[in-house]
Amino acid sequence: MQKNNPGKLFYGWIIVICCMLLSASGGIISGVLSTFIKPVSEQLQVSRAEFSLTSTVINLTIMLIMPFVAKILKCVPLKRTIIFSACISGTAIFCFSFAKNLAEFYLLSAICGFFSCFMNAVPIVILTSNWFREKRGVATSISFSGMGLSSMLLSPIAASVIEAYSWQTAYRVVGISFLLLSVPSSVFLIREKPQEIGLEPLGGQQAGQEKICFEGFEHRQVIRMKSFWLFAAAIALIPLTSYGVQQHAISYWSDLGYSATKAASWYSVMMAIGIVSKASMGAVYEKWKIRKASAFVCLAACASYILMIFCANPVALVLMVVLFGISSGIQITPPTYITNRLFGDRDYSMNYGTITMIYYLGMACGVPFSAFCYDRFHSYLPAWCIYSVLMLAVLVLIFKAERCARKEWIQAFGTAYDGADA
């Protein structure tokens, strides 16, 4: 096997770009589809809570399948599975344009959620883990930053198409965009392992990492650890709050009197800032460590939720957009980076799969909860207040999980985990 040439672009960064495009496709599911909540619910004459259940169906399907994804991907060709799953997911989004009632939306949502498991999240983590020993946190953050890219580019386009034509046409545009983002790069560029093209991972073959203290815990140990369940509680609350805000932002701003196109434009700006945040948050965590970085991002998120209350004022809207965009890295880095730091490389894909399952459970609850608040109180304000308090709870839980994990490493291996907070 040849050594990586320092003067040549490491092919792993091409893999990162492919993963970024895959996560951009996932961003269509978690972000761009929120553009349709208000126009579709109004035309179908259903409540926003009822239509928001399409998002819940997607997320609950992902949650139910996620524990098995890592095991299944060990038994099937990764590249072919990604391509096939991307084709089915994109087709399901395209077919939303033909749905006539909620039952059809829910069925297509389940199909979309099922197959998205096999072309996003766990496959991205597997690819980055295979290609990177060094700079894995940076590579993973950049890989998942594409989630904001699709929302930034497609949300205003979808809003404009809805206004100019119809939501059916907009769904077709979004579905085709999903396929263009995910399929060509997967077909032509993805290589599962560096050995396939005669290379080795960045940082070498993990020399020196054969020690148990650097490998971490087995999955069966992790799910019995106190630190895991403290961290899992934080992970459930992160998407509950962030997506509870994000997926209703356009509808909320349009309710305040902003045009649908202007609301989508501000949403696009928020996602653009989020791209930078998601791409850099891994480096922030590596430099500041878990507690300091988490305090920064959680407090910024809490402030943005409070500012949502005052978004009728354009200044508050601008501040909210900036702070939410900066804090949106919290959607990516804790599930990927902190899971690896607290529990190690051993069984990382299975640990991450379990954490991701819990993450999607939180996401499944947050989006309909915001809609419920709107339908019940004719206002989103109760949701924004609750989310700001819950984000402070996230920070407390992460602090407790980090402190507990440090003690568990010392008890098991005689040393704190690699990169522990001082």
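Arg48 is buried, because its relative accessibility is 7%. Arg48 also takes part in a salt bridge with Asp255. The model shown here is predicted. A search of the whole structure finds seven salt bridges, and the structure also holds 34 aromatic pairs.

**Salt bridges around Arg48**

- The side chains of Arg48 and Asp255 meet at 2.9 Å, N to O.
- Asp255 has 33% relative accessibility, so Asp255 counts as partly exposed.
- Arg48, by contrast, counts as buried.
- A network of salt bridges links Lys38, Arg48 and Asp255.

**Other salt bridges**

- Asp345 and Arg136 form a salt bridge, with their closest N and O atoms 2.8 Å apart.
- This pair links distant parts of the chain, 209 residues apart. Asp345 sits in the loop between helix H16 (333-343) and H17, while Arg136 is in helix H7 (residues 136-144).
- Asp345 counts as partly exposed because its relative accessibility is 22%.
- Arg136 has a relative accessible area of 14%, so Arg136 is buried. The cut-off for buried is under 20%.
- Glu402 and Arg406 meet through their side chains in a salt bridge of 3.0 Å, N to O.
- Both Glu402 and Arg406 lie in helix H18 (residues 381-413). They are four residues apart, about one turn of the helix.
- Glu402 is buried, and Arg406 is buried too.

**Aromatic pairs**

- Among the 34 aromatic pairs in the structure is that of Phe105 and Tyr171, with ring centres 6.1 Å apart.
- The planes of these two rings stand at 50°, so the pair is tilted. Tilted pairs fall between stacked, under 30 degrees, and edge-to-face, over 60.
- The pair joins distant parts of the chain, 66 residues apart. Phe105 belongs to helix H5 (residues 102-116) and Tyr171 to helix H9 (residues 167-188).
- Phe105 and Tyr171 are both buried.
- Ring pairs also link Phe105 and Tyr171 into a cluster with Phe36, Phe51, Phe96 and Trp167.

**Charges over rings**

- Lys292 places its charged end over the ring of Trp288, 5.2 Å from the ring's centre.
- Arg376 lies over the face of Phe377. The distance to the ring centre is 5.3 Å.

- Thr356 is found in helix H17 (residues 348-377).
- The side chain of Thr356 reaches the backbone oxygen of Tyr352 at 2.7 Å.
- Thr356 counts as buried because its relative accessibility is 2%.

**A nonpolar surface patch**

- Phe68, Ile72 and Val76 make a nonpolar surface patch of about 240 Å².
- Ile72 lies in helix H3 (residues 48-73).
- The relative accessibility of Ile72 is 35%, so Ile72 counts as partly exposed. Residues of a patch need over 30% relative accessible area.

Definitions and conventions. Residues are numbered from 1 along each chain as its sequence is written. This is a predicted model: local features need pLDDT of at least 70, side-chain atom pairs count only at pLDDT 80 or more; totals for chains, interfaces and linings use all residues. Side-chain values use heavy atoms; hydrogens and water are left out. Patches are made of residues with over 30% relative accessible area and no salt bridge: like charges are joined within 9 Å, nonpolar side chains (Val, Leu, Ile, Met, Phe, Trp, Tyr) within 5 Å. Accessible areas come from the Shrake-Rupley method with a 1.4 Å probe; for residues, only the protein chains shown count as cover. A salt bridge is a side-chain nitrogen of Lys or Arg within 4 Å of a carboxyl oxygen of Asp or Glu. Helices (H or I, at least four residues) and strands (E, at least two) are DSSP runs, numbered from the N terminus. Buried means under 20% relative accessible area, exposed over 50%, partly exposed in between (1.4 Å probe, protein chains only). Rings of Phe, Tyr and Trp (its six-membered ring) pair if their centres lie within 6.5 Å; planes under 30 degrees apart count as stacked, over 60 as edge-to-face and the rest as tilted. A charge sits over a ring if NZ of Lys or CZ of Arg is within 6 Å of the ring centre and within 35 degrees of the ring normal. A polar contact is a pair of N or O atoms within 3.5 Å; within protein, one must be able to donate a hydrogen and the other to accept it, and residues adjacent in sequence count only if both atoms are side-chain atoms.
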